[in-house]
Amino acid sequence: MNSTSSKLPYELLIGWRYTRAGRVAGRNGFISFISGVSMLGIALGVAALIIVLSVMNGFQKEVRDRMLAVVAHIELLSTSGEGFADVNAVMAQAKRNASVVAAAPFVAQQALMARGDDMRGALVRGIEPELETQVTDFTLQLPPDVRGALTEGSFNVVLGGELAHALGVRVGDRVTLVAPGGQVTPAGVMPRLKQLNVAGLFDSGHYEYDATLVLMHIEDAQRIFRLESPSGVRLKLQDGQQARGVASELAVSFGPEVIVRDWTRQNRTWFAAVQVEKRMMFIILTLIVAVAAFNLVTTLVMTVTDKRADIAILRTLGASPRSIMGIFVVQGATVGVMGTLGGLLLGLGVACNIDVIVPAIENALGASFLPRDIYLISRMPSDPQAADIWPIALISLAMAFVATIYPSWRASRINPAQALRYE
């Protein structure tokens, strides 16, 4: 035994020797096989947890990014519902907050879009194109000639691709906008109609907006809906993830006359559903790790039975029950640590390279897991996060340790005289 090994506690050395017993003694091969299965089970469970949670994080990030390309980080609305009389003053006050990098006025109204016999509900958003490009990314992605067509008095509109498909219109066609609040005439209340020119289409990648959103110049929108001022102000922040905190600061700054609404509250139902699903998947997949971890009980019970004579000899040489218990805790903990580390390496390896692995599997099977015409995204996203990985590793190690306690305690209770009686 070298000098380094002699400095280690004998419980650690013997526990490690028992862990690899199958490779040094043929009669212990089956025990080593069970130990290997337990280790593999822990590794696969940990890897499955990391991969699944990383994919769910990636999906949430993908949808969030597409959503934030259309919606603003924060919207400011007047409590009166009549808009802001001095919208420039509101924008200037909002920009005093260090987190706000851009602001743009907007008009938002519900209306009907019609062409022939087809009619669809729509959200009409009046914008100032140059300012809007500083607030939302998808308007910046529109071709310059399309953005340039949204001029005051032109009554040109840009439709979401899904809405245009539902109405059967293309660029250059005309659609009819039916505004709420009709005109009173001798013949009764007549709806207010306005012919609009389709100047372009957009595809944000988010079906809800592609199927309902209509863009036009803010002045044209105010004329159609008979508004004296913009409905509100849209803000872009340095970090969209801080929207809730910045919204609270702005609410204090503006007071009760202004409604401050951040993007997390606008879509809280969707994000809450994703969080619940993620939490449930974590619980379900943790059970896989638990089953694998508690296979260690079988391994250690068989090892204790096989090593009864060794335990008795150690006890007669002066080993305490606590030391005997420590030997088998070391054996079980070693399997747990190696399985957890293997699972971490496998899970992170797959999660970080899933954009290469999944296409390779699709090519090999001749299948598409995420068809572009059915799902919101066509590639498998992945976003491993330390906040998920650390709990997985700690839970796996804790389960492995708990599984070793009872067999180790039983080993420490073995009576040396009875164990050596038939040896």
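The protein chain holds 18 helices and nine strands, where helices (H or I, at least four residues) and strands (E, at least two) are DSSP runs numbered from the N terminus. This is a predicted model, in which local features need pLDDT of at least 70 and side-chain atom pairs count only at pLDDT 80 or more, while totals for chains, interfaces and linings use all residues. Residues are numbered from 1 along each chain as its sequence is written, and side-chain values use heavy atoms, with hydrogens and water left out.

The pLDDT, the predictor's confidence in each residue on a scale from 0 to 100, averages 81 over the protein chain, and 86% of the residues score at least 70. Strand E7 (residues 213-217) has the highest confidence, at 91, whereas helix H1 (residues 3-6) has the lowest, at a mean of 50. Over residues 22-26 the pLDDT stays under 50, and the model has three contacts beyond four places in sequence for this stretch; contact here means heavy atoms within 4.5 Å. Where pLDDT is low, the predicted coordinates should not be read in detail.

Turning to the chain as a whole, 46% of its 423 residues count as buried. Buried means under 20% relative accessible area, exposed means over 50%, and partly exposed lies in between (1.4 Å probe, protein chains only). Of the contacts between residues at least 6 apart in sequence, 79% join residues at least 24 apart.

Two helix pairs can now be followed in the model. Two packed helices are described by the angle between their axes and the distance between the axes. The axes are lines fitted to C-alpha atoms, for helices over the stretch in contact, and angles run from 0 to 180 degrees between N-to-C directions. Helix H4 (residues 87-95) packs against helix H11 (residues 243-254) at an angle of about 130°, with the axes 11 Å apart. H4 and H11 are therefore oblique to each other, given that angles under 35 degrees count as roughly parallel, over 145 as roughly antiparallel, 65 to 115 as roughly perpendicular and the rest as oblique. Their crossing is right-handed; a crossing has this hand if the near helix is turned clockwise from the far one by less than a right angle, and is left-handed if anticlockwise. On the H4 side the contact is made by Val90, Gln93 and Ala94, and on the H11 side by Leu250, Ser253 and Phe254.

H14 (residues 308-316) has Ala309, Ile311, Ala312 and Leu314 as its buried residues. H14 packs with helix H15 (residues 321-352) at about 140°, with axes 10 Å apart, and this crossing is right-handed. Here Ile311, Leu314 and Arg315 of H14 meet Pro321, Ile324, Ile327 and Phe328 of H15. After H14 comes Gly318, with a positive phi near 110°.

Most residues other than glycine have a negative phi. Phe155, in the loop between helix H7 (144-149) and strand E4 (156-160), has a positive phi near 55° and is buried at 14% relative accessibility. Arg226 also has a positive phi near 55°, but is exposed, at 53%; Arg226 lies in the loop between helix H10 (218-225) and strand E8 (232-237). Finally, Asp383 sits in the loop between helix H16 (354-365) and helix H17 (386-412) and is buried, with a relative accessible area of 19%. Beyond its neighbours within four places in sequence, Asp383 is in contact with Ser54, Asn57, Gly58 and Lys61.
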